Amino acid sequence: MRLLILGYSSIVERRVLPAAAKVGRIEAISIASKSRPKPESWPKHGRFFDDYEAALHGSDCDLVYLSLPNAMHERWAMAALAAGKHVVVDKPAMMTLAASERVVEAARRAGRLVAEATVFGYHPQFAALAEFVAETGPLIQSAAQFIFPPLPLGNFRNHAELGGGCLLDLGPYAAATMRILGGDGVSEVTALAGGRHPETGVDMGFSVLARLGNGSTFSGLFSFEGEYQNRLLVVGRSGSVLIERVFTPPADYAVEWRRRVRNADGVVTFEPADTFANFLEAVTSAIASGDHEGFHRDLLSDARCREMIAAALASDNPAHQSV
């Protein structure tokens, strides 16, 4: 399988290329960038393009990875699908639920896969977490915090015209956490908005409280405005787990759980795991088998949840959405 990356971003350089190098089904990697020069080297060295259209039609790739500003995702996902390619898109895959539905429908018509690269759920700890909840549940409550300090003004996340803003950037983590922990989706959502960027006006944060499909509740605080926080607390009937660095564990990072079961505290340590490599393994396996629907369902589910949060934030009386 040959991979073409559109957009030589920081996340591509730091995480996607090293991960793709580990995936056996990926034989060659080509890169297209309009803003950065050709790298001196990269793993599984393919071709380099300085134009996205030329890359799509000049490359013999099977799979395209889009790492472009969010506002460009739909256009280039549609172009890649029209060229007969499978597509992976950095989160958020699309800016709206309607756009997500258009792209998934186009992928289904073409018999191709489209997937959103919200990769944290591909850490082995989530299989262990499901077993833990089964043993100590039912799940009662989960709480997430993902906060980091303000980004430089030039970062695309500070600019609405490029698809910036906290809900689009961090909303996928909230939505995927609720999907992973909640079973059959989200039934109710309440949300409060954080601040606005003093110069560009994009949203800088949100808090959300939701009832999940399995009856448990989820609360989350996501923000561009504070000291770095990155954790998830999961509470069952007779046990709880607190996980640090849950959303972005480095590939060489040994995740630790602080676990409490019937008032007995303990620590569980996991071997380092590369969530990007695990995600790409799952994507290439799905392409090989022709079973794409799991990725399509996840993409649509997360887009629907994010849209519920957006509607709750926009609602006047009070910020509350239910289905």
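## Pockets

On a 1 Å grid over the protein atoms alone, a pocket is an open set of points where a 1.4 Å probe fits, with protein on both sides within 12 Å along at least five of seven lines, and its lining residues have an atom within 4 Å of a point. The structure described here is a predicted model, in which local features need pLDDT of at least 70 and side-chain atom pairs count only at pLDDT 80 or more, while totals for chains, interfaces and linings use all residues. Residues are numbered from 1 along each chain as its sequence is written, and side-chain values use heavy atoms, with hydrogens and water left out.

The second largest pocket is lined by 20 residues, and those nearest its centre are Leu167, Leu168, Asp203, Ala310 and Leu313. Helix 6 (166-182), strand 9 (205-212) and helix 8 (293-314) each give two or more residues to this lining; helices (H or I, at least four residues) and strands (E, at least two) are DSSP runs, numbered from the N terminus. Helix 8 provides the largest share, six residues. By class, the lining of the second largest pocket holds 10 nonpolar, six polar and four charged residues, where Ala, Val, Leu, Ile, Met, Phe, Trp, Tyr, Cys and Pro count as nonpolar, Asp, Glu, Lys and Arg as charged, and the others, Gly among them, as polar. The volume of the second largest pocket is about 310 Å³, a volume being the space filled by probe spheres set on the grid points, which are joined across faces, edges and corners.

The largest pocket has a volume of about 1,100 Å³. Its lining comprises 42 residues, of which Ser10, Ile11, Arg14, Asp90 and Arg157 are the closest to its centre. At least two lining residues come from each of helix 1 (10-22), helix 6 and helix 7 (275-289), and helix 1 gives the largest share, four residues. The lining of the largest pocket divides into 22 nonpolar, 11 polar and nine charged residues.

Six strands form an open sheet in the order 3-2-1-4-5-6, with parallel pairing; two strands pair if DSSP finds at least two bridges between them. Strand 3 (45-49) and strand 6 (114-117) are the edge strands, each pairing on one side only. On average, neighbouring strands of this sheet are turned by 20 degrees against each other, direction ignored.

Strand 5 (residues 86-90) runs parallel to strand 6 and is joined to it by four bridges, with Val87 opposite Val114. Helix 3 (residues 73-82) lies across strand 1 (2-6), strand 4 (63-66) and strand 5, and runs at about 165 degrees to strand 5. Axes are lines fitted to C-alpha atoms, for helices over the stretch in contact, and angles run from 0 to 180 degrees between N-to-C directions.

## Strand 7 and its partners

Strand 7 (residues 139-147) is joined to strand 11 (residues 229-236) by eight bridges, and these two strands run antiparallel. Seven bridges join strand 7 to strand 10 (residues 217-223), and this pair runs parallel. Ala143 has Leu233 as its bridge partner in strand 11 and stands opposite Ser219 in strand 10.

## Helix 4 against helix 8

The axes of helix 4 (residues 97-110) and helix 8 come within 9 Å and cross at roughly 170 degrees. Helix 4 is therefore roughly antiparallel to helix 8, a term for angles over 145 degrees.

In this contact (heavy atoms within 4.5 Å), Leu97, Ser100, Glu101, Val104, Ala107 and Arg108 of helix 4 meet Glu293, His296, Leu299, Leu300, Ala303, Arg304 and Glu307 of helix 8. The contact of helix 4 with helix 8 has six nonpolar, two polar and five charged residues.

Technical notes. Angles under 35 degrees count as roughly parallel, over 145 as roughly antiparallel, 65 to 115 as roughly perpendicular and the rest as oblique.
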